Amino acid sequence: MKMSCVIIEDLKVAADYLARCCEKSGKIEMMGHFPDVKSALEYLNSHTVDLLFLDVEMPGATGFELLDNIAYKPKVILTTSKEEYAYNAFEYNVEDFLKKPFTYKRFIEALDKVTAENEISSTPDKSNSGNHIFIKSDGKLIRLNNDDILFIESMGDYVKFVTRDKKYVTYNSIKNLEEKVNKDYFMKVHRSYIINLLKIDDIRENDLFINGIEIPISKNLRADVLKRLTIL
Amino acid sequence: MNPAYVHKKFIFNEKIDEDYIYSLYEQDYVYIAEVFSSSLETLKEESGHFTSAYESSDINGLKKATHKIKPLFGFTGLLHHQEMMGRFEHLCETASNTSNITIQYMELTELIKEGKNILKDDCNRLTEFIS
């Protein structure tokens, strides 16, 4: 699957070169180019993308200010002509730091880092029989015990793992997870939800409730859900 | 059918690092011509900002214009020019006002002018080369 990305760069020649590298790689679906942080944020607040190629010094606000204000956490490759930003790049946990101009080979190295991380985040467990999974969130691999997960909700190209205490957003899909989670615990009940069967509090018509949260059940899956429950 | 220039090698201005150019764009001369043309246009615009920032004693504006011009020289293989822009950018970060860096500003103005002339000339020759 291609990664969706945007370029946030005020220098035309740099943005064009980057777009050319993206196209050549065959791994990127380019969603747009923005010459400043304001226009980029307007787009990013209503669209989810996997990857940002982000310049630092731009008119108005800096690339770091964009990262402070974006509502979710896409992967980020910083592109700047100033090496001094490498430290900030580390602090913001970006995937890589490309000093302009960079060669296509160097671009691919950076892209491979992102792709490798995506592959890890798309593999929540090595088998579907374990009692836990690992997910990639906030730049870390986080262990989640099956017992702690209430449900998993789709958010476009991302999913949200909901536990009693926290929510974790990671790059993945319900379709992919359905194959990989432990089926003794989990079941898809709707195109946007996988639930932990052991956490259902009650079922009413075409909805079920977990920890006070209402989750829809697809009409075509309702009978399968009921089959999985011990009904006396 | 391949274009006529495909087996020929373009001779860049001696101040342009051709190995560097080929490492970025291989021998895609059509694209190299586009890069040179686009860089030249931006350079013309930004060198105007560079001059006006200095003349209005706007050290921050001067730093910003320098920062924007610097990679243009990188994308066009003028690596010495790029390096000198980087040094001047650093000077702007530490200088309290523009009068402290007048000599360096004058030198850099000449360097930018030279860079523009080189790009203009090579851009024209490249256009001929690929036509």
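Colleague: How are H3(B) and H4(B) oriented to each other, parallel or antiparallel?

Modeller: In this predicted model, the axes of H3(B) and H4(B) cross at roughly 160°, and the two helices are therefore roughly antiparallel to each other. H3(B) covers residues 59-75, and H4(B) covers residues 79-94. Their axes come within 8 Å.

Colleague: Is that crossing left-handed or right-handed?

Modeller: The crossing of H3(B) and H4(B) is left-handed. By class, the residues of this contact are nine nonpolar, six polar and four charged.

Colleague: Which residues of H3(B) and H4(B) meet?

Modeller: On the H3(B) side they include B:Leu62, B:Lys63, B:Thr66, B:His67 and B:Phe73. On the H4(B) side, B:Met85, B:Phe88, B:Glu89, B:Cys92 and B:Glu93 are among them.

Colleague: Let us stay with B:Lys63. Does B:Lys63 count as buried or exposed?

Modeller: B:Lys63 has 15% relative accessibility, and the limit for a buried residue is under 20%, so B:Lys63 counts as buried.

Colleague: What is B:Lys63 in contact with, leaving aside its neighbours within four places in sequence?

Modeller: In chain B, B:Lys63 is in contact with B:Glu89, B:Cys92 and B:Glu93. In chain A, B:Lys63 is in contact with A:Glu57 and A:Lys82.

Colleague: And B:His67, buried or exposed?

Modeller: B:His67, also found in helix H3 of chain B, is buried, with a relative accessible area of 7%. Not counting residues up to four places away in sequence, B:His67 touches A:Glu57, A:Thr80, A:Ser81, A:Lys82 and B:Glu89.

Colleague: Now the fold of chain B. How many helices and strands are there?

Modeller: Chain B has five helices and zero strands. Buried residues make up 48% of its 131 residues. Of the contacts in chain B with a separation of 6 or more, 66% come from residues 24 or more positions apart.

Colleague: What about H2(B) and H5(B): at what angle do their axes cross?

Modeller: The axes of H2(B), residues 29-55, and H5(B), residues 102-130, cross at roughly 155° and come within 9 Å. H2(B) and H5(B) are therefore roughly antiparallel to each other, and their crossing is left-handed. Their contact has 17 nonpolar, six polar and four charged residues.

Colleague: A last topic, the backbone. Which peptide bond is cis, with omega near -10°?

Modeller: It is the bond from A:Lys100 to A:Pro101. A:Pro101 lies in the loop between strand S5 and helix H5 of chain A.

Colleague: Where does B:Glu26 lie, and what is its phi?

Modeller: B:Glu26 lies in the loop between H1 and H2 of chain B. Phi of B:Glu26 is near 55°, a positive value in a residue other than glycine. At 51% relative accessibility, B:Glu26 counts as exposed.

Notes:
Residues are numbered from 1 along each chain as its sequence is written. Chains are lettered from A and ligands numbered from 1 in the order in which they are written. This is a predicted model: local features need pLDDT of at least 70, side-chain atom pairs count only at pLDDT 80 or more; totals for chains, interfaces and linings use all residues. Side-chain values use heavy atoms; hydrogens and water are left out. Helices (H or I, at least four residues) and strands (E, at least two) are DSSP runs, numbered from the N terminus. Buried means under 20% relative accessible area, exposed over 50%, partly exposed in between (1.4 Å probe, protein chains only). Contact means heavy atoms within 4.5 Å. Axes are lines fitted to C-alpha atoms, for helices over the stretch in contact, and angles run from 0 to 180 degrees between N-to-C directions. Angles under 35 degrees count as roughly parallel, over 145 as roughly antiparallel, 65 to 115 as roughly perpendicular and the rest as oblique. A crossing is left-handed if the near helix is turned anticlockwise from the far one by less than a right angle, and right-handed if clockwise. Ala, Val, Leu, Ile, Met, Phe, Trp, Tyr, Cys and Pro count as nonpolar, Asp, Glu, Lys and Arg as charged, and the others, Gly among them, as polar.
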